[in-house]
Amino acid sequence: MELSTPLILVNLKTYTESLGERAVKLAKIAAGVSKETGVCIGLVPQFTDIHRVASSTEVPLFAQHIDPVQPGRGTSAILAEAVIEAGAIGTLLNHSERQIRLVDLEASLVRATEVGLKTCICSNNQAVSSAAAALGPDFIAVEPPELIGTGIPVSKTKPEVVTATVETIRKINPKVIPLCGAGISTGEDVAAALQLGTYGVLLASGVTKAKDPEKVLMDMATHAAK
Ligand code: G3P
């Protein structure tokens, strides 16, 4: 359950390939690869699958989002305490597919920190990375939106975006751990991300839609372990 770097964080988004029992299957695969390689692999399942996956494996789980609400009258909101009860140890915030206003980002980060959730702010550009670093999450994952879901890896096609974010974080808040994502699909993509100064990757389709997710995760973890 402990998070460590290099980190491979797999976002299951709303892909049906990794929903319900298929999320559990993927988590068991991730746990096996983690054990064999010593590389931390976390999953980011649908909210409705967090408990199911947490009950069957020891894989670190992140929620895809939380809302900046207190317990009580908040029908339909995602409560920080609820994702912890379900078995998550962290949460993404401001994913490109779930962007939030800065004021809500800050409030959500405060709520997550209050309850002890790890936080990974997703950033779509340099300005957002700067603001995110100032807020002080545990991780920032820079992901150029135009590469998300394309299989074209940010670490090879836009290395300057990754290095700029790494540099920004170093200047503004060196305690924050930089990750990158978008199009990461192979072990070489992961190795390139680490060479650029990140401590891991946030990815989705390269694993969730793979014919053989175990082979892909093993390739990624083996390269990360080097
Ligand atoms: O959260 C991960 C992400 O947005 C990247 O998606 O499918 O390009 O790995 P993908």
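The model is predicted, so local features need pLDDT of at least 70 and side-chain atom pairs count only at pLDDT 80 or more, while totals for chains, interfaces and linings use all residues. Residues are numbered from 1 along each chain as its sequence is written, and side-chain values use heavy atoms, with hydrogens and water left out.

Let's start with the ligand. Which residues surround the ligand? They are Asn-11, Lys-13, His-95, Glu-143, Ile-148, Gly-149, Ala-182, Gly-183, Leu-202, Leu-203, Ala-204 and Ser-205. Each has a heavy atom within 4 Å of the molecule. By class, that shell holds 5 nonpolar, 5 polar and 2 charged residues. Here Ala, Val, Leu, Ile, Met, Phe, Trp, Tyr, Cys and Pro count as nonpolar, Asp, Glu, Lys and Arg as charged, and the others, Gly among them, as polar.

Now the polar contacts, meaning pairs of N or O atoms within 3.5 Å. A polar side-chain atom of Asn-11 sits 3.0 Å from a ligand oxygen. For the side chain of Glu-143, an N or O atom lies 2.9 Å from an oxygen of the ligand. Gly-183 uses its backbone: a polar atom there is 2.8 Å from a ligand oxygen. On its own the ligand has 310 Å² of accessible area, and the protein covers 100% of that. The area comes from the Shrake-Rupley method with a 1.4 Å probe.

A cavity is a set of points, on a 1 Å grid over the protein atoms alone, where a 1.4 Å probe fits but cannot get out; a pocket is an open set with protein on both sides within 12 Å along at least five of seven lines; lining residues have an atom within 4 Å of a point. How many cavities of 30 Å³ or more are there? The count is 1.

The largest pocket has a volume of about 230 Å³. Its lining includes Asn-11, Lys-13, His-65, His-95 and Arg-98. By class, the pocket lining has 2 nonpolar, 6 polar and 3 charged residues.

Finally, the backbone. Thr-5 and Pro-6 are joined by a cis peptide bond, with omega about 0°. Lys-13 has a positive phi, near 45°, in a residue other than glycine.

Conventions: Polar contact = N/O pair within 3.5 Å; in protein donor to acceptor, adjacent residues only side chain to side chain. Points joined across faces, edges and corners; volume = space filled by probe spheres on them.
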